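Morning, everyone. Please look at the screen.

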Amino acid sequence: RITNTINSDGRIIYRPSVISGFEGEMGHIPVWWQKWREYTFRTDVHTLDRLSPGAYKIQAVCKMIEPIRHAKYPAITMEEEAISIPLQVLALAIFDCVLVRMLQIIAPRTWQPLKHSLCDAFNKNKSQQVINILANSYDDADIIFIQEAAASFVDHAKQGLGSKYMVLRPYVLDGYRNQNSMILARKDKFLEGSRADLTEQVGRLAGGRWTAPGDLCAIAIKGVDGSRYLLASFHGDTNGLATIPVLKALNEAFTKSYPDHIVIFGLDANTHKQNSVNCQGIADFQQKFSEMGFASCWGPSPGVQTWTTRNARTYLQPQLQKAVGISDAARKGEVNLKDWIIFYDNQMKAVESARDNTGNREFAESMVFPTLKFPSDHAIVSCMLERNEYHHRPRMPT
């Protein structure tokens, strides 16, 4: 993921791989291998420096790979952590080589043209597709929560939506994984000079280990109506285990430091049908956030019938346990309710909620996505929030 697609000083470069946007010739293993080594070991990239926000760091692609920490993944031994970087490089080379060889055998003449057409739709024009959908279908929203965006999306959003929205981002962006949470706040609803970045504070309250740079964006901001808001956007880990700790941290920040703020939290919680020690379930998540005084856009009894992901991964990716054959794509694809808008039930209530997997404010129940016209593997979740009576405030679409 780190080396697949890199935004280097405004220029997008790709690892020579079947699963990247690389456009060069890869029809023969020796040709591919030379390009792969050149890219990995001898290509310098300019990326955001995590230790110096706003500054750029120049380094070889292989230097971007980070250790796999025992503290985060207890199954990794300390000895494995010590050699985890060269092991990752070796495993990546083997993985990419196997895919090239496999496609050489299966479809030697057609696999590269097909790959290029898919990359044009899903990679090259993705940011512009997203901005077009927001501008054309959701220009009435007061708040837009975004997750897993490339760091470069900040500039794209300012250019395409900046006349109407402030682009709120954490002080530290992730230029490595390029998975950043952001918030768009409507300029005629919020005061531009009133924002304060609370991302680091909330991350510390969560214990530090639950969030990586870019996962969380927490902003305090004042509305033109005089109200104070605490807005947060978050992308959880694959199994959703970070979601509750981050929600607890947000609740603690509100309770101790910002009790006069209206809290609205848009997140990809990565919740799943069943709860377990290793996986955050929908019902358990609902119970725990309700105990903290929160409510959600899905009402008191959300279920799988309000799923927000329906995707099926091919075998051309590293998580083979998630792969599904084309004949089983609709039946066996991942179908889960992962995306939520959460708020305190004594502050607001949801009067309208909807899902969209077309970009036209429509939801096709049987459709697997992303598609060539809808670039996300998560549905858009929209909600009209209404302040409770004692606040005497207007509705707020998100």
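This is a predicted model. Start with a pairing: Tyr 165 stands opposite Arg 186 in β7. Tyr 165 opens strand β6, residues 165–168, and β6 pairs with β7 in the antiparallel sense over 4 bridges.

There is another partner. Strand β5, residues 143–149, also pairs with β7 in the antiparallel sense, over 5 bridges. Here Ala 149 stands opposite Asn 180 in β7.

Now the faces. In a regular strand, side chains alternate between the two faces of the sheet. In β7, one side carries Asn 180, Met 182, Leu 184 and Arg 186. The other carries Ser 181, Ile 183 and Ala 185. Both faces are covered.

Zoom out. The chain has 10 helices and 18 strands. Its radius of gyration is 22 Å, close to the 21 Å from the globule rule for 398 residues, so the chain is as compact as a globular protein of that length. The C-alpha trace spans about 70 × 45 × 45 Å along its principal axes.

Burial next: 49% of the 398 residues count as buried. The accessible surface comes to about 19,400 Å², and 54% of that belongs to carbon and sulfur atoms.

Contacts: among those between residues at least 6 apart in sequence, 68% join residues at least 24 apart.

Last, charges. There are 45 positive and 41 negative, and their mean positions are 3 Å apart.

Note on methods:
Residues numbered from 1 in each chain as written. Predicted model: local features only at pLDDT ≥ 70, side-chain atom pairs only at ≥ 80, totals over all residues. Heavy atoms only, no water. Buried < 20%, exposed > 50% of the residue type's maximum accessible area, 1.4 Å probe, protein only. Helix = DSSP H or I, 4+ residues; strand = E, 2+ residues; numbered from the N terminus. Pairing = 2+ DSSP bridges. Rg over C-alpha atoms; globule rule 2.2 N^0.38 Å. Contact = heavy atoms within 4.5 Å. Areas by Shrake-Rupley, 256 points an atom, 1.4 Å probe, with all protein chains shown as cover. Lys, Arg positive; Asp, Glu negative; His and termini not counted. Charge placed at Lys NZ, Arg CZ, Asp CG, Glu CD.
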